[in-house]
Amino acid sequence: MNSSFIKTNLIKEILSSNSVARFRCVSKRWASSMTRSSAKPRLLFAIAENGDDSAETCGVWSFFSSPQFENPYEKSSSTLVAAAEFHVKFSPENLRINYYGDIKYFSIGYASGLIYIYGCRYQARPLICNPNTGRYAILPNRYTYRKAYSFFGFDPIDKQYKALSIRYPSGPGRNKILTFGDGDLTWRKIKFPLGRPEIKSDGICINGVLYFLGEIGEGSCDYVIVCFDVRSEKFTCIYVGRFCRLINYKGKLAVIYWEDDVDIYEICVYGKDLDEYLEENLDVDATNELHLWVLEDVEKKKWSKYAYTSKYTWSKYAYTWTDDTFFRRHLSIAGATASVEIVFSMRKYTSKQPFYVFYFNPERNTLQRVEIQGFGEAFKETCSVRTFVNHVEDLDVNDLKQLKSVHPPLVEPEYYDRFESESESELD
């Protein structure tokens with residue numbers, strides 16, 4: 001094999017490491033050869049420490065990532081282990097954006113390597129940040145009645161990020177949009193032709209189209225998927241008829257739901273605690289079906305529909321749908337990998353307790369448990385976790401002028417080895 005070929009590929013492998021990517025310490029020639037495809041997709045974890053406004057940890061975010069397994073079922077272990085890499089502890093300018101499970105008070109979005117966070121109206125300074133480096137930009141404030149729903153998308157043709165703000169269903173307000181990266185950070189008006197729907201999901205951006213779930217008329221159960229073309233800024237919709245989650249499945253829009261799913265946001269409206277409700281009402285032992293619909297033809301609204309029944313058996317490679325730690329009330333659907341495993345993630349992290357993600361393969365109808373180690377024990381209280389699949393840092397986003405070149409100190413939490421500590425306690 002040609003020695004220059006080996007040398008070139010070796011250099012590219014070294015240059016694609018996180019440290020070089022973070023600080024951009026390479027020549028223009030090599031920087032141009034480093035594309036998003038040179039890095040392997042990872043799971044991204046955004047961990048929020050909530051608290052009172054006076055609390056030191058109020059609205060502090062920590063970002064980690066771990067390897068994203070492809071076809072993890074060839075291992076013989078019931079539980080695989082992945083190490084989490086710490087990136088940054090993030091609370092810019094003491095902004096203190098608390099996490100809320102109700103999207104009326106909190107929005108978070110991911111698009112092409114960047115995170116978008118928008119808190120309640122008392123913490124209503126939306127911001128965009130690079131979770132790998134801590135670079136960020138605080139967007140212009142805008143007054144909203146109660147809370148405007150907000151979403152984040154990326155146009156891969158013009159290489160532009162946009163934030164979309166949809167007004168609250170009742171009361172005054174306007175729908176607005178902001179283009180990030182063109183030098184003019186200004187919210188401008190945009191026409192929304194679908195009235196004032198109740199928003200029922202965070203947004204997901206697939207190939208330049210931003211999707212989110214809405215309900216036409218409060219309590220009507222008339223659910224639609226709103227489709228927003230980020231480049232043309234045009235809206236369309238797709239009727240689905242029930243509450244569901246939206247994911248990117250092989251580059252196509254897909255909806256996913258359990259047979260006994262309920263509208264979790266409707267529960268929050270009536271002042272109920274979601275965790276308490278699920279604890280009291282969800283029968284985890286019941287045989288259930290997970291439904292997956294994949295949108296095959298956008299124009300004809302043609303779906304491929306699949307259903308997978310849960311069961312408790314052990315095979316040579318993995319638990320087959322499901323295992324004894326897979327409690328649906330504790331999990332969120334993070335998305336689907338390129339090899340079409342659907343990833344479920346725990347919604348909470350407690351120091352010194354194991355944290356799991358689960359890979360479900362629809363073709364094999366198997367579930368693989370993976371323990372994520374390395375979040376550390378610096379978190380004093382139970383934290384909320386948002387997990388994103390297919391995270392790859394886009395090196396070009398570091399060149400956006402609006403992203404500040406400074407970030408809070410990169411203080412790494414103390415590492416906690418659960419298994420080592422358990423063995424030590426047993427000796428005592």
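Strands here are DSSP runs of E with at least two residues, and helices are runs of H or I with at least four residues, both numbered from the N terminus.

Strand β10 (residues 160-166) is also joined to β11, in this case by five bridges, and the two run antiparallel; within this pairing, K162 stands opposite T179 in β11. Strand β11 (residues 176-180) is mostly covered, with four of its five residues buried, a term that means under 20% relative accessible area, while exposed means over 50% and partly exposed lies in between (1.4 Å probe, protein chains only).

## Basis of the model

Residues are numbered from 1 along each chain as its sequence is written, and side-chain values use heavy atoms, with hydrogens and water left out. Because this is a predicted model, local features need pLDDT of at least 70 and side-chain atom pairs count only at pLDDT 80 or more, whereas totals for chains, interfaces and linings use all residues.

## The chain as a whole

The protein chain has six helices and 29 strands, and buried residues make up 53% of its 428 residues. Among contacts between residues at least 6 apart in sequence, 57% join residues at least 24 apart, a contact being heavy atoms within 4.5 Å.

## An open sheet of four strands

Four strands form an open sheet in the order β18-β19-β20-β21, with antiparallel pairing. Strands β18 (245-249) and β21 (302-309) stand at the edges with a single partner strand each, so one side of each is left without a neighbour in the sheet. Within the sheet, strand β19 (residues 252-258) is joined to strand β20 (residues 289-297) by five bridges, and the bridge partner of A254 in β20 is V294.

## Aromatic pairs and charges over rings

Rings of Phe, Tyr and Trp (its six-membered ring) pair if their centres lie within 6.5 Å, and planes under 30 degrees apart count as stacked, over 60 as edge-to-face and the rest as tilted; by this rule the count comes to 27 aromatic pairs. The rings of Y110 and F388 have their centres 5.7 Å apart and their planes at 25°, so this pair is stacked. Y110 lies in strand β5 (residues 107-111) and F388 in strand β29 (residues 383-391), so the pair ties together parts that are 278 residues apart in sequence, and both residues are buried.

Y349 and F379 form an edge-to-face pair, with 5.8 Å from centre to centre and 85° between the planes, and each of these two residues is buried. Both belong to one aromatic cluster, which is formed by F45, F64, F86, Y349, F355, F375 and F379. Elsewhere, the charged end of K305 sits over the ring of W293, 4.0 Å from its centre, and R369 lies over the face of Y356, at 5.5 Å from the ring centre; the rule asks that NZ of Lys or CZ of Arg be within 6 Å of the ring centre and within 35 degrees of the ring normal.

## A buried threonine in a loop

T337 lies in the loop between β24 (331-336) and β25 (342-346), and T337 is buried, with a relative accessible area of 2%. Not counting residues up to four places away in sequence, T337 touches Q68, E70, V343, Y359 and N390.

Conventions
Two strands pair if DSSP finds at least two bridges between them.
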